[in-house]
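Try each task before you read its solution.

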Amino acid sequence: MKKLNVGIFGAGRIGQIHANNLSRNPIINIKRIVDPMADKLGEFEKQIGIKIETDPQVIFDDEEIEAVLICTPTDTHVDYIIKSAKAGKHIFCEKPVSLSDEESMRAYKAVKEAGVKFQIGVNRRYDRNFAYVKKMVDEGKVGKLELLRVDSRDPEPPSLDYVKSSGGLFMDMMIHDFDMARYISNQEITEVYVNADAIVNKDIKDIDVDTAIVNLKFSDGAIGVILNSRRAEYGYDQRLEAFGSKGTAMVENDLDANVIYADKDGYHTPNPQYFFLERYTQSYIDEVNDFAQAVFEDRQTSVTFDDAIMAQRCAIAAKESLDTKKPVKVRMID
C-alpha cells in the first residue's frame, strides 16, 4: 500500500496531538519530526517511536516527504510555509498564518506560485454538530439565512505570557468563530463592529480584551453576532444558531454525559466538557485525515488558504473596530 510520507514541524501540545492521530492512519508514514526542544521530548519520542530532530532543514531536504504539518509558534509559520512550498511539499498549518496581513500574503503568494496544496487548521469545521447545521443550511432547510449566532467561551483565561504572544482574543480565539460564521453561512463577512473589554482580568486591559460581542454583516444581507469570553465557570461553552426564513438550527454544548436528572428542585444536567481537547477530539483526527486524503486524491483541500486569509482579515478588522469604536469593512482578497 502506498503511504503518504509526512514531516512535522513542532512537537508541542498540538504537534503531539496531530502526530498521535496521524500515527493511527494506515495511509500515513510520519518520516520526521523536528522541534528545537528535542532534548526535553524523550517521553514523546518513546511514545511515537520516532527520533525527534532539531534542524528543520532535514524536512525541507528530504525528497521522500510529500506533505508537512506546521505546528510551531505563529511567528515561525510564514518562514516554514514559504520554504515548504519552494521544496514542493503540501502544507497543513495551524492557525493563524501570521499576525499580519502582509506576512500572510507573502506566504499565500508562495503557495500559489508553487502550486502545492494548503490547509489551515480550523478543526471546528469537522465537528459533527456544526457540520450537520452546515448541511441543513446548504440543503435549504432553514430557508434563507437571516441571523447567525456563535457563542464561544473558554473555561478559564490563559496566562499573561500567552496573551502577550498570541495576537489577542480576535486573532487567537475568535478567529475560529469568524471562520465558522463564513463556513455555515456560505457568505463573506463584509463588516464587523466590536464591543469588548477586559472584564475577567483587568491586568490585561492595556494589551487585550477577554470579553467581546462582535456584530457581523454578510455579503448577502444576513447579520450575525459572535459572543466570546475567556472564562466560563461551567466548562467549555460552544454553541451556534442558524436562523432563517423556514426555521432555525441550533447546536448546544456536548455534555460530560447526555443525562437529565429530575427531582423536586428541578431538572439537572452535567456540565459541558471542560476543554477543547475533549470537545474536539474527533475533529482533530478528521481534519488531518481529510488533508491527507486531499493529497492522495489530488483534489482541493476542504479548507483553503483563502479561508485562512479571510478569517484573519476579520480578526484584523475587529481589532480596528475596537480601537476606533466604529464599524469596519473587511478587506476582500483581490
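Before we start, one cut-off: a residue counts as buried when its relative accessible area is under 20%, as exposed when that area is over 50%, and as partly exposed in between. Keep in mind, too, that this is a predicted model.

**Exercise 1.** Find Lys134 and its salt-bridge partner, then work out whether Lys134 is buried or exposed.

*Solution.* 
- Step 1: Look for the partner. Lys134 makes a salt bridge with Asp138, and their closest N and O atoms are 3.6 Å apart.
- Step 2: Apply the cut-off. Lys134 has a relative accessible area of 13%, so it is buried. Asp138 comes out at 46%, so it is partly exposed.

**Exercise 2.** Stay with helix 6 and describe how it meets helix 9.

*Solution.* 
- Step 1: Know what to look for. Two packed helices are described by the angle between their axes and the distance between the axes.
- Step 2: Read off both values. The axes of helix 6 (residues 128-138) and helix 9 (residues 174-185) come within 8 Å and cross at roughly 35°.
- Step 3: List who touches. Helix 6 brings Phe130, Ala131, Val133, Lys134 and Val137, while helix 9 brings Met180, Tyr183 and Ile184.
- Step 4: Sort them by class. You get seven nonpolar residues, no polar ones and one charged.

**Exercise 3.** Which residue forms a salt bridge with Arg331, and how many residues apart are the two?

*Solution.* 
- Step 1: Find the partner. Arg331 pairs with Asp101, with 2.9 Å between the closest N and O atoms.
- Step 2: Check the positions. Arg331 is in the segment after strand 15 and Asp101 is in helix 5, so to speak distant parts of the chain, 230 residues apart.
- Step 3: Use the cut-off again. Asp101 is buried at 9%, whereas Arg331 is partly exposed at 46%.

Technical notes
Residues numbered from 1 in each chain as written. Predicted model: local features only at pLDDT ≥ 70, side-chain atom pairs only at ≥ 80, totals over all residues. Heavy atoms only, no water. Axes fitted to C-alpha atoms, helices over the stretch in contact; angles between N-to-C directions. Helix = DSSP H or I, 4+ residues; strand = E, 2+ residues; numbered from the N terminus. Contact = heavy atoms within 4.5 Å. Nonpolar A, V, L, I, M, F, W, Y, C, P; charged D, E, K, R; others polar. Salt bridge = Lys/Arg side-chain N within 4 Å of Asp/Glu carboxyl O. Buried < 20%, exposed > 50% of the residue type's maximum accessible area, 1.4 Å probe, protein only.
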